[in-house]
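Please look over the sequence and the model shown here before reading on. The report that follows goes from the whole chain to its strands and then to a pair of rings.

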Amino acid sequence: MERRALSIRDEVAITATVRRRVTEDHVSVSIPSYSFPHSIIDHTKVKKGQQIELTGEITRLDEEGGRPSIWDRW
C-alpha cells in the first residue's frame, strides 16, 4: 500500500492508554509518540489501562519532520 503525504485538515487517529482519572470528567492518557501525560475530557467512564482511539484533524505540520499537530482538537 502506497503511503501518501499528510496535509492540513486530514483526519488522523492515534491510540492512547488511560493512566488514571483526574476528575469526574477528565482522564490522564499516555500517548506513545508524546513524552508527557495529556488530560482529555471523558464522559464514557473508561478504566485505567484501557486503550482508546483519539481522532482529529491535522491543524499544522512540523516544518522539519512533517509531523502532524492535532492537539487543538482534544
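## Surface and overall make-up

The model is a predicted one, in which local features need pLDDT of at least 70 and side-chain atom pairs count only at pLDDT 80 or more, while totals for chains, interfaces and linings use all residues. Residues are numbered from 1 along each chain as its sequence is written, and side-chain values use heavy atoms, with hydrogens and water left out.

The protein chain holds zero helices and six strands, where helices (H or I, at least four residues) and strands (E, at least two) are DSSP runs numbered from the N terminus. Of its 74 residues, 24% count as buried, a term that means under 20% relative accessible area, whereas exposed means over 50% and partly exposed lies in between (1.4 Å probe, protein chains only). With contact taken as heavy atoms within 4.5 Å, residues 24 or more positions apart account for 44% of the contacts with a separation of 6 or more in the protein chain.

Two strands are said to pair if DSSP finds at least two bridges between them. An open sheet of four strands has the order β3-β2-β1-β4, and its pairing is antiparallel. Because β3 (38-41) and β4 stand at the edges, each with a single partner strand, one side of each is left without a neighbour in the sheet. Neighbouring strands of this sheet are turned by 50° against each other on average, direction ignored, with axes being lines fitted to C-alpha atoms (for helices over the stretch in contact) and angles running from 0 to 180 degrees between N-to-C directions.

Strand β1 (residues 11-23) pairs with strand β4 (residues 51-57) in the antiparallel sense over seven bridges; in β4, I52 is the bridge partner of A16, and L54 is that of I14. Five bridges join β1 to the antiparallel strand β2 (residues 26-30), with V18 opposite V29 in β2, and β1 and β2 form a hairpin with two residues between them.

## One pair of rings

Rings of Phe, Tyr and Trp (its six-membered ring) pair if their centres lie within 6.5 Å, and planes under 30 degrees apart count as stacked, over 60 as edge-to-face and the rest as tilted. By this rule there is one aromatic pair. Y34 and F36 form this edge-to-face pair, at 6.1 Å centre to centre and with 70° between the planes. Y34 is partly exposed, with a relative accessible area of 33%, whereas F36 is exposed at 56%.
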